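Student: I have a new model open and want to learn how to read it. Can we go through the features one by one?
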Amino acid sequence: MEGTQVTRIPGGAIPAVDEVDLTPVRTYWQLVRQRFVRHRLAVIAFFLMAILVTAAIAIPLLSGDAWKETSLERINQPASLTAPLGYDSLGINTFARLMKGLQTSLFIGFAAVLVIVFIGVTVGSTAGYFGGWVDNALMRVVDIVLSIPTFFLILMLVAFWGTGNVWVIIIAIGLTGWTTAARLVRAEFLSLREADFVQAAKALGAGDRRVVMRHMIPSAMAPVVVAATLGIADSVVVEAALSFLGFGITPPEASLGNMLTKAQDYFYRNPLLAWYPGITLVLVVLAASFLGDGLRDALDPRQRVETN
Amino acid sequence: MARYVVRRLIQAIPIIVGISIIAFFIVYSAPGDPFDRFRSNKVSPEVIANLRRVYGLDQPLPIQFVKWFTAFWSFPFDNTAWGFSITDGLPVRDKIFERIPSTLQLMGTSLILTIIIAIPVGILGAVKQYSIADKVIAVITTIGYALPTFWLGIILRQIFAQQLDLFPLFGKYTFGKEGDILDLLWHLALPAMTITIVGVAGWSRYMRASMLEVLRADYIRTAKAKGLASSRVIFKHALRNALIPIVTLLGLTIPTLLAGAAITEAVFSWPGLGYLGVSAVTERDYPVVLAFAMIGGAMVIIGNLLADILYAVVDPRIKY
Amino acid sequence: MTQRPTRTGELLSIDGLKTHFYTQDGVVKAVDGVSFGIRNGETLGVVGESGCGKSITALSVMRLIERPGRIVAGSIRLADRDLLALSDEEMRDVRGNAISMIFQEPMTSLNPVYPCGDQIAEAISLHEGIHRREAGDRAIEMLSQVGIPDAKRRAREYPHQLSGGMRQRVMIAMALSTNPELLIADEPTTALDVTIQAQILELMKALRERNRMAIMLITHDLGVIAEMADDVVVMYSGKVVESSDVNTVFEQPHHPYTKGLLASIPRLGEKRHRLEVIQGVVPNPLNLPKGCLFKRRCPSAMPVCDTPPPLQEIQPGHLSRCWLTPAGEPPEIGADAEAETAVAAAAALTVEA
């Protein structure tokens, strides 16, 4: 119902013909952009995420080793221009370390989500495309993975297979988090399988691989992108929790979680040390979840829960 | 209904087998073993080899698995069914069962508080949609929802235990006051508050969404057209329907009741199941870790089943 | 400002009703200056395509307009009461009591978690102040009155256990349980099978005789109108475009829109090669055309149609919002009328603000 009145031809005497509704046809991406921009919080979240990512890349790059350089003279020095959050009990620049920790957390968050999407799309599309026993077997695997409490499963994987190893953490989060994406893709595939354009592609002789890669996966991506964005928040929190319990990133490497653990030891001298990584974490979570909400409204309006 | 429950339980068997295989192999095929930490010490290799034999670690994995899995199910009659803890040699079953009351106290309190607070808050947000109250609630719950539980726990402990000294830092009882109910509540306050705050944020958002959806339903318009007062429309006609998904959610929450609070329990050293699970992982106490994973899986399956049963109880349209 | 000619004995009088929706994209004038009346015991059909404002008019009468909608102007009177001036509490006493309403979707209009009988009894005990038990008995009686067999058992059943037609009967039983003076029926048969439709219409007719109530029957189905209505109001884009008694509307329609609607009904025994359908679609409510709202789709559109046409009295009791003369000819001011001339002419013809 997006109608815009078109300029009328001057002196036209046959309005029924010349006043046809010539609403410009918008492309899919124009509509997506329009719907996203309308979601004000999502736009704010987008810029917040952009700032966080930029800071996490640029500041450690510009400040070199400041995030791990200890110095006796600077122990517990107050804030200054080069160290907006002061120095900690080892004389490390807290802000530089915070940004390095954010970098680690975001890297793990994004990388884990890539693993999630990769496994989820592979499993979901295989199950949805072939159906039958393949589908049945894969969905039982999904049930099993869903039935082990996720965090405990991750904890087991990380603790027994490589405490402190970034890649083990990423893979552990990925191996436990793909079920939602798989279900979404499968559901999308089950309905797409019968869709006209897929039938047409098959009738034209396209092979399974081609039909799936060229025609079905792109159509099924919208809900996956949304789930992935929301998954960034979860992954970052899981990493922080792991590091907090001592299984994640271990000092001297920096992560938001291990900064929190360390802040515990220095509470009486500087209680704010626990706030910096925590608030940074909350900002990442908020940015990712609003971004996810906005993308859901923009990419996949059918999923929309609540209308304004 | 009984037939449905039986069918569901039968369907759960392959899932339980799957969980046990995954858990077992994650644990036992991992590099290293629980006795690694003794190696550098003055313990002789013979002693370690002996320990490995006592715990069955010298046998091939599939055999270890079958032995463990078959023994596992005799737990109702045999307290050694789940093996012995590597840290203290106690029967795993007893170690786990002994932790259940603490977890139930913490999670039960938190869940009840969460529901008591979240449902009215959600209703308010939905009924007064777009009002100042709704917006304030939305901001608070959004932030609450984004708070990582363990960080919230640390901050609450920092403020209320360390700075204000109102509550204890950790534990369940003050030394020497074991069994004192007031002392228990005093220790319970902070961990329960942590879980409740995060819980309220999630549940009230869910309740609000559910209520909003119901308030748009045709039968609500019918109720209004009958001339009913809005309080009756909301509390009789809308609420009963809006609670249907909430009750389902309650069933799905059961597993987190026992295992989900692991980190909060760890932050406050609350002697519950979750804390035991985390400590067992830290100490590579394989038998405890495995039993914990199995209980977690069983809880998920039971929770899902419970959710479906509750669904049929509250919604007359559902029959199994 | 000339008033709509009021007729004696009107039960419901709507005058200059405007109900607007303040959406993110702009103001939707869903009902924009609607006036009509219903006499005691009369059935008034309100016809129009979906989105023309007929349901919103009905909900305005019930004062059930929800945000972002609001009644911004006009008056709605029931007998001697000004409904828009009543307090919320007084209005609740009117709803379900003096005025009852049944809705289009019987499948979703009953609360799924309560038995049907309870839902009827609730209205009875509320308005008649009688005890639940007695109200329950009355509910069963109402169910058998609307032709539900084994009413006692059905009263204990949940809505999902009944068919669509049965549910609509339950809705009717609920609406009539308090002996309303006015029943508003919003597309009561649209969602039902054709055979069930006929049964429900028969039932409504029978109950109308028995209860001597007035009915405001909203539908897009002219067949239903022909069957049930005494008078007809045709609405288009939030305005009344034609109104008269049912015979006049069917025999001598004046407005091109009404003619189009009539031409689109298939008739038995009439040889036509194809069904005539009104071309185009209802205009976007956020971007209404200037002047006559129907001009883009109108086969008789003229330059003067850029000026909003007046609601003129074609003959006593027959109103039409069109520039065509009562005989259906283009008016003299037609072909190249200046706006001022048109407005002057409009003022002469207008019977409404």
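Tutor: Start with a helix on a sheet. Helix α6 (residues 164-176) of chain C lies across β6 and β7 (182-186) of chain C, and runs at about 175 degrees to β6(C). Axes are lines fitted to C-alpha atoms, for helices over the stretch in contact, and angles run from 0 to 180 degrees between N-to-C directions. Two residues are in contact if their C-beta atoms, placed from the backbone, lie within 7 Å. This is a predicted model: local features need pLDDT of at least 70, side-chain atom pairs count only at pLDDT 80 or more, and totals for chains, interfaces and linings use all residues. Residues are numbered from 1 along each chain as its sequence is written, while chains are lettered from A and ligands numbered from 1 in the order in which they are written.

Student: How many helices and strands are there in chain C?

Tutor: Helices (H or I, at least four residues) and strands (E, at least two) are DSSP runs, numbered from the N terminus. Chain C has 11 helices and 12 strands.

Student: In what order do the 8 strands of the open sheet stand?

Tutor: Two strands pair if DSSP finds at least two bridges between them. In chain C the order is β6-β7-β8-β3-β9-β10-β12-β11, with mixed pairing. β6 (99-102) and β11 (311-315) of chain C are at the edges with a single partner strand each, so one side of each has no neighbour in the sheet. From one strand to the next, the twist averages 20 degrees.

Student: Which strand is joined to β11(C) by 4 bridges?

Tutor: That is β12 (residues 318-321) of chain C, and the two run antiparallel. Look at Gln312(C): it stands opposite Ser320(C) in β12(C).

Student: What is the strand order in the antiparallel sheet of 4 strands?

Tutor: This open sheet of chain C reads β2-β1-β4-β5. Its edge strands, β2 (26-39) and β5 (81-82) of chain C, each pair on one side only. Inspect β1 (residues 10-23) and β4 (residues 69-78) of chain C, which pair in the antiparallel sense over 8 bridges. Ser13(C) stands opposite Arg77(C) in β4(C).

Student: How many residues of chain C are in contact with chain B?

Tutor: 22 residues of chain C are in contact with 18 residues of chain B. On the chain C side, α2 (88-94) and α3 (116-128) each supply at least two residues. The largest share, 4 residues, comes from α3(C).
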